[in-house]
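Have the viewer ready as you read.

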Amino acid sequence: MVLDEVLPGLDKRLAEAPLATWEQPDAPGLAVFKEAGGPALLVPQEHGGLGGDLLTATQVQRAIGSRSPSLAVATTMHHFSMASLVELATRSSGMEWMLLTAVARDSLLVASGFAEGRAGQGILTPTMTATERDGVVVLNGTKKPCSLARSMDLLSASVVLPGADGNPQLAIAVVPASSPGVSVRPFWNTPSLAGAESDEVTLTDVEVPQNLVVRTELVDGDRLDHLQTVGFVWFELLMSASYLGAATALADRLLGSTSADVGVQAQVASTIRAATLLVEGTATRPGAIGEDRLADVLVCRYAVQDAITRVLDLTIEALGGMAFISSGEVAYLAGACRALAFHPPARHRMASSLRDYFTGGPLRVP
């Protein structure tokens, strides 16, 4: 298993406790993930990390999702932040490498203060307001829900600042969680995925040094630039893999049943396998990341979403009412798996854009 090779001991630790242990508020999963060195997964080896590529990351997230959907969803947000920082580090001569080294060395968790989860906004659309004052950047705003809210060491947030030419430009601010003015309060009110710590994070006059603000070349209002494209590709594939892992956990309960219909077991197993091959094949597609790659990734995500729905329908019916009644795990996994549909961009919002793109038009991500 890739998880054992990349993060030795993590799967064993997760398997030692029942599902409910990892799915509760204040669950120990994130601490276990940090102890296993998980935050360094995407940090390049030259900066002390594991240098995981997109394929490895999808395989790791699917494996974690099969043990704890909450942990997979939460750590996907960390990996999304790291993928964006790694991409910035390859395209600038700034101090991003110092952040990457610190994450790997100290096993730091980086929460995402981007607009993911807010309908109608792009994933990098700023949710914070930023002003420059006395040599620092002052941030105000709220992100809710914000996974890793209580366990984060750092918060990455997109902000808009004046560029050298006076035009507003996108920047990424990295905020230590211990900074004065950073507060967390409860927001997540459903038991599903409670272990992801998706609560409300508020920044009130938080001062961020200039060396923790990474400026990009993206002018505010641009349709889609390379950084956004890379971020979307990582986010969509890792989230798809995470929820596919949760569906796999439910399928495993059916495959372990001696009374279930063999034909249904075969359908479920083949659906899971097909979705896994689709994710891994999309992750290993050759060539640079661009709009064509993103379009394929979105198609993959929606196909995985459909595959999960099919697995849920077949599995729950085949397991029967007694399995649903006698074990909270079946009902829990069924509910948790549905949450993939809540992550942006929603299928109905992308329908016309994908149609236009595949007939020669531009790709527009709302």
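## Helix α6 against helix α8

In this predicted model, helix α6 (residues 69-90) and helix α8 (residues 226-255) have axes that come within 9 Å and cross at roughly 160 degrees. Angles over 145 degrees count as roughly antiparallel, and α6 and α8 are therefore roughly antiparallel to each other. The crossing of α6 past α8 is right-handed.

If you want to find the contact, α6 brings residues including Pro-69, Val-73, Met-77, Phe-80 and Leu-88. From α8 come, among them, Leu-227, Val-230, Trp-234, Phe-235 and Tyr-243. By class, the residues of this contact are 15 nonpolar, six polar and one charged.

## Helix α8 against helix α11

Now follow α8 to helix α11 (residues 328-337): the two axes come within 9 Å and cross at roughly 150 degrees. That angle makes α8 roughly antiparallel to α11. Here the crossing is left-handed.

On the α8 side, the contact is made by Tyr-243, Ala-246, Ala-247, Ala-249, Leu-250 and Arg-253. Glu-329, Val-330, Leu-333, Ala-334, Ala-336 and Cys-337 of α11 complete the contact. It has ten nonpolar residues, no polar ones and two charged.

## The nonpolar core

Which residues touch the most other members of the largest nonpolar core? They are Leu-139, Leu-155, Leu-203 and Ile-308, out of 118 residues in that core. Helix α8 gives the most to this core, with 18 residues.

Leu-155 is worth a click: leaving aside neighbours within four places in sequence, Leu-155 is in contact with residues including Ala-111, Met-128, Cys-146, Val-174, Val-201 and Leu-203.

Methods. Residues numbered from 1 in each chain as written. Predicted model: local features only at pLDDT ≥ 70, side-chain atom pairs only at ≥ 80, totals over all residues. Heavy atoms only, no water. Axes fitted to C-alpha atoms, helices over the stretch in contact; angles between N-to-C directions. Helix = DSSP H or I, 4+ residues; strand = E, 2+ residues; numbered from the N terminus. Parallel < 35°, antiparallel > 145°, perpendicular 65-115°, else oblique. Left-handed = near helix turned anticlockwise from the far one by under 90°. Contact = heavy atoms within 4.5 Å. Nonpolar A, V, L, I, M, F, W, Y, C, P; charged D, E, K, R; others polar. Core = buried A, V, L, I, M, F, W, Y, C linked by side-chain atoms within 4.5 Å. Buried < 20%, exposed > 50% of the residue type's maximum accessible area, 1.4 Å probe, protein only.
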